[in-house]
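Please open the model in your viewer and keep the selection tool at hand.

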Amino acid sequence: MRGSASLSQSNEPIVYIDGIRVNRDGGFGSGFVGTGGGGSPSRLDDLDPEAIERVEILKGAAAATLYGTEASNGVIQIFTKRGAVGPPRFSFRIEQGASWYPKIYPDNTGWAWNQAVADTMSKYFGRPIRPYELVRANFMHEMFETGYHQAYSASVSGGTPGVTYFVNLRWSDEDGPFGAKDGRWYPPGVRTRSADINRLAQASATINIFPSDKLRLGISTGLTRRHYETPNNNNNIYAAFTLAQFGKPELVRYNNQTGSPAFMTVNEGLQQSYTQDVDRFFGSLNLNYRPSRPLMVDATFGIDVVNQLSREVFPFRWNIDNFSGYNPEGVRRIDDLNSLDITADIKATHRVQLSSSLESTFILGTQGFITRRIDESAEGRRFPGPGIDVTGGAAEQEVFESYLEVVNLGIFAQEQIGFNDYLFLTVGGRLDANSAFGSEFDAVFYPKASLSFIPSDAPFWRPLGPISSLRLRAAVGQSGLQPGAFDALTTYVPVASSSGPGIVPGNLGNPELKPEISTEWEVGMELGLLQDRLALQATYWDRTVTDALVDKQFPVTGGFRARQLTNIGELKAKGVELGFQGTVYSSEQFSVELFAGASYLWEQVTDMGGAPPIKVGGSYPRYRNFIIEGYAPGAHFGAKLLPTDANHLPVDFNGDGQPDSRDEVLAYLATLTPEDLINASNGRVNMPSSVGLVLLADEDGDGDLLDHYLGKPTPDWQGSFGATIRFLRNFRLYTAFEFKAGNYYVNNLTFAFRQANAVIGRNLPWSAEVVRDYATGGVDANGNPMNDPQVRLRALERWLNELLALAPFSGLNTIKPADFLRWRELSLTYDVPRSHLQRLWGIDRLSFTLGVRNLALWTRYDGPDPEVNAVGRGSGSQLDQNYLDGVDAFGFVMPRRVTFTVRFGF
């Protein structure tokens, strides 16, 4: 929310359920299990949607001051449903649906470079194929199926003046649209082991007890059991779907169904399984006591416990095509992560009328959290035979164990003065201590102040034309974000050696380490029009993060080579948030309600404290996100071709260090033959792919050819709009659109590999054609090479300006504009009139809904989907989680979903 408030720590908002902080992590733990970035489960998906009454979002440091350290990225508060006094009311919901991936992946395209290869291709494709003929197949689409999902929930609520209750049960099951079960060329007895399955059983209950008029006791609980399976995926050479995108028709064989050129076959990749089983319980106890009219004491205590077991399995002899040599005797990895979050929150509120026009509301409280993560992981490689399903049965074993605990304690106070219920001044602050702070830093104080003026509630208010209500507001405040649990400590790392165990320096440590401080101010307004039938809201906010934690390299003479977090950075951000909702027409039979929201974001790293730029994604050269002073965090940087005039090309075939003229290039291309360019053993074409032969720009003259700014992965604007249309009294049509636009760029690594890489790519329809035409100079009607230099020149220009990519040209022809508008949802609901329900076994409400998600996409982006990303929640390092955005790397596109829902109750 509101961009990034940290360079090194989590940029996720904190999440509360009924007053307790809950686990909002994701992934498979910190051990050996991982799927390549995507398909990463989120703990937020454990929450029962049928138990949620409402969600409130506090944006920015000013609103979140009283929530203390970790709240600088905002707060999400989830409130569960509660019963009401009355007889039991039963509600039921039944969902049935289907999902599928749109078939938008370009075909795998290739060609035979001699008659022998053409004859082999003819055999497997079942038709005559000539040399140099472009042959197309789609190895991705044949892995898709129609997914099926179902969900059932039942709830009961009610109560007496002394006790109210709400209880909900829900079960859901989904087998997603990734299939690859049929049509595989498997040996006898072999089946597909990869799957995308998500199965949840959930229960929640809320009980409120009123022993007296002054005391309320509230108990809220939730229980989830989840089984999850996902295929290996994304930027991962062992992922079946990724391997399918590498596939080349000219390499198809009986034991290589999709023509995998390297690593493993797709069918071997489908023998892997990735599963996760989760048991989760969260519960809270709330005591609300009013000893007197002006005083109220509220106390909340709660826990959130998650037991998460993840498994990654390559079974014994999984390499069924004898193609891959990666641990053919099998690999088994497990990760057992147990988390505990404890919350204690006690506060007193004193409300008193100071005079006939002044009211005081004073809050004083304390809040504490304990966060604990225990992670144990093991890996076993090389099993003696099938059926041994424990890591201890492997010949090679590794283990991992970590224990992390963070304690946070804060006290807070807030005073609000109200004047005649239309002017409100609020001041407050929070003092926080955290176990992650350095030993020389004890606590931090976060202040806040806000002013709200509602002239439409004042006695002097008179409507101003169509304006029926008006609120003006301003706020300023601070919040923070603590370092990691061990960042302040000097640590040593154990090592094993032939002469025995030992230790080496790990983390340098910093006893002065303190939290990042986010200072934010905002101004805004809410406007009601036409007797509040229409509502407009606007907010402008401005934030500065000081003492930002930056990884800095210190002298290594002391033996500590790892970079150390230090409070030396600064980030700035500002933005605008706009919203509209209202009823533009209403009658007994027909009504139209519209909504729209948009937000603008500008952010920049303004000071790195002298630290050098930080590359996101480690040393992997194709990820081009960087943290660089003067730019948006995570901005893309990479190569550009040397600019030339219309009579020259950025190539240097003659070796003089200057761009060759078109005539010089044509003369050189006329000397080439297919035999000069095509490797006779593997068919790879010698395209211009080296620095020196292809000339790159160096705009700042520093010798770094990859430091050109190519855009940012966060848009200037994003938002949504839609409508609810009620017609014929009982029908409701709902639709919603979402968009991102303005300086929004995505690193299209999916196409970069497929268009440029000589081994695992050059298999897009257009890249295969360009490479063939460069090699042959074009082919005639009989499929014979023409050796036409003009054809080669056109192919060369497309190669340079559209296709050439990857190291040493990282970023070139890869980072693309990605503005999009997506039709996110369309649904039609019919509410059965009550007059029709009188004879339906006591049912007093019944509705039917047919909904569709992800209906259509309009975009400038030339890749599969601008919303996919190389890493998901909980995968990769914290730096990757924050800033490895706008990277499309072999992921699954957004599926379309159709759901039919029946709701009824009595």
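For the classes used at the first stop, Asp, Glu, Lys and Arg count as charged, Ala, Val, Leu, Ile, Met, Phe, Trp, Tyr, Cys and Pro as nonpolar, and the others, Gly among them, as polar. Bear in mind throughout that this is a predicted model.

Begin by selecting E50, R93, E95, A151, Y152, S153 and R170, which line the second largest cavity, a space of about 30 Å³. By class, this lining has four charged, two nonpolar and one polar residue. Strands β5 (86-100) and β8 (147-159) each supply at least two of the lining residues, and the largest share, three residues, comes from β8.

Next, select L47, D48, A51, S204 and F282, which are the closest to the centre of the largest cavity among the 15 residues that line it. That cavity holds about 110 Å³ of space, and its lining has eight nonpolar, five polar and two charged residues. The elements that give two or more residues to this lining are β4 (75-80), β10 (197-212) and β11 (215-229).

Now turn to the largest nonpolar core, which has 93 residues, and select those with the most contacts inside it: W111, M143, I627, V685, Y774, L796 and W799. Helix α9 (residues 789-803) gives the most to this core, with six residues. If you centre the view on L796 and set aside residues up to four places away in sequence, you will find that L796 touches L649, F653, V665, L669, P688 and Y774.

R280 lies in strand β12 (residues 273-289) and D46 in the loop between β2 (20-21) and β3 (52-58), so the pair ties together parts that are 234 residues apart in sequence. Both R280 and D46 are buried.

Move on to D341 and R373, whose side chains also meet in a salt bridge (3.2 Å, N to O). D341 is in strand β14 (residues 331-353) and R373 in strand β15 (residues 358-381), 32 residues apart. Because buried means under 20% relative accessible area, D341 counts as buried at 5%, and R373 counts as buried at 14%.

Finish with R381 and E379, whose closest N and O atoms are 2.2 Å apart in their salt bridge, and then select R2, K59, R471, R473, E520, E522, E526, R543 and E577, which salt bridges with shared partners join into one network.

Notes. Residues are numbered from 1 along each chain as its sequence is written. This is a predicted model: local features need pLDDT of at least 70, side-chain atom pairs count only at pLDDT 80 or more; totals for chains, interfaces and linings use all residues. Side-chain values use heavy atoms; hydrogens and water are left out. On a 1 Å grid over the protein atoms alone, a cavity is a set of points where a 1.4 Å probe fits but cannot get out, and a pocket is an open set with protein on both sides within 12 Å along at least five of seven lines; lining residues have an atom within 4 Å of a point. Grid points are joined across faces, edges and corners, and a volume is the space filled by probe spheres set on the points. Helices (H or I, at least four residues) and strands (E, at least two) are DSSP runs, numbered from the N terminus. A nonpolar core is a set of buried Ala, Val, Leu, Ile, Met, Phe, Trp, Tyr and Cys residues joined through side-chain atoms within 4.5 Å. Buried means under 20% relative accessible area, exposed over 50%, partly exposed in between (1.4 Å probe, protein chains only). Contact means heavy atoms within 4.5 Å. A salt bridge is a side-chain nitrogen of Lys or Arg within 4 Å of a carboxyl oxygen of Asp or Glu.
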